[in-house]
Amino acid sequence: MIGLRLRKMGDLKTRRLRLVAITPAMLKADESADGSLAKTLSAEVTAEWPPEHWEPHVYHFIEKQYEDEPRTRGWHRYVLLPNGRGAARPYTLIGAVGGFPKLEGDVEIGYSTLPSYQRRGYGTEAARALVEWLLTQKDVKSVSAQTYPRLPESIKVMERCGMTYVGPGDDEGTVRYRRDR
């Protein structure tokens, strides 16, 4: 276990990160791209936001998941970290991590950190926190992730989360890793 603590409002907290459960209001603020996400999160949102592959369909995917699978609230997180003492906004939005139900009790996760925060262990720390938390949820039997073999950093994140290679992924050329309860 990594010292994971559940915070009020469903936040997860690790040694360096606070993972805030995404709400419909946050999704709306983020999609509007009018600066209201920073106010909604009480965090700095840099010009690097959103992360790669965080396209408009992501907002609709998460909204639909909340409608179709209410139990998945809290499975999607914005990742923030303390930004130092005395800062006007004590957190900076550095990425996102989230999961969605697959077949037979499996939850697939995805993760992304903004370029200036990569290769510092934040992606691993966030993904590990979510994996640990998901494996405590009722009906979750395993957590999996997919990537391309040409992305060794992504594979390292999965391995550091305790996942092992289980075969090809859903899309051609991808691989799947999984951790069972």
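Author: Start at Pro50, in the loop between helices α2 (36–41) and α3 (56–68). Helices here are DSSP runs of H or I with at least four residues, strands are runs of E with at least two, and both are numbered from the N terminus. The model is predicted, so local features need pLDDT of at least 70 and side-chain atom pairs count only at pLDDT 80 or more, while totals for chains, interfaces and linings use all residues. Residues are numbered from 1 along each chain as its sequence is written, and side-chain values use heavy atoms, without hydrogens and water.

Trp49 and Pro50 are joined by a cis peptide bond, with omega at about 5°. Most peptide bonds are trans, and most residues other than glycine have a negative phi. Ser42 sits in the loop between α2 and α3 too. Its phi is positive, about 55°, although Ser42 is not a glycine. Ser42 is partly exposed, at 45% relative accessible area; that class lies between buried (under 20%) and exposed (over 50%), using a 1.4 Å probe and protein chains only.

Positive phi values turn up elsewhere. Asp139, in the loop between α4 and β7, has one of about 70° and is not a glycine. Glu104 has one of about 50°, in the turn of the β5–β6 hairpin. Four residues separate the two strands of that hairpin.

Look at the hairpin itself. Strand β5 (residues 91–101) and strand β6 (residues 106–113) run antiparallel, joined by seven bridges. Two strands count as paired if DSSP finds at least two bridges between them. Gly98 has Gly110 of β6 as its bridge partner.

β6 has another neighbour. It pairs with strand β7 (residues 142–147) in the parallel sense, over three bridges. There, Glu108 is bridged to Ser144 of β7. Together β6, helix α4 (residues 122–134) and β7 make a right-handed β-α-β unit. Right-handed means that, with the strands pointing away from the viewer, the path from the first strand over the helix to the second runs clockwise.

Step back to the whole protein. It holds five helices and nine strands. In sequence order the pattern is β-β-β-α-α-α-β-β-β-α-β-α-β-β. The C-alpha trace spans about 45 × 35 × 30 Å along its principal axes. Of the 181 residues, 46% count as buried.
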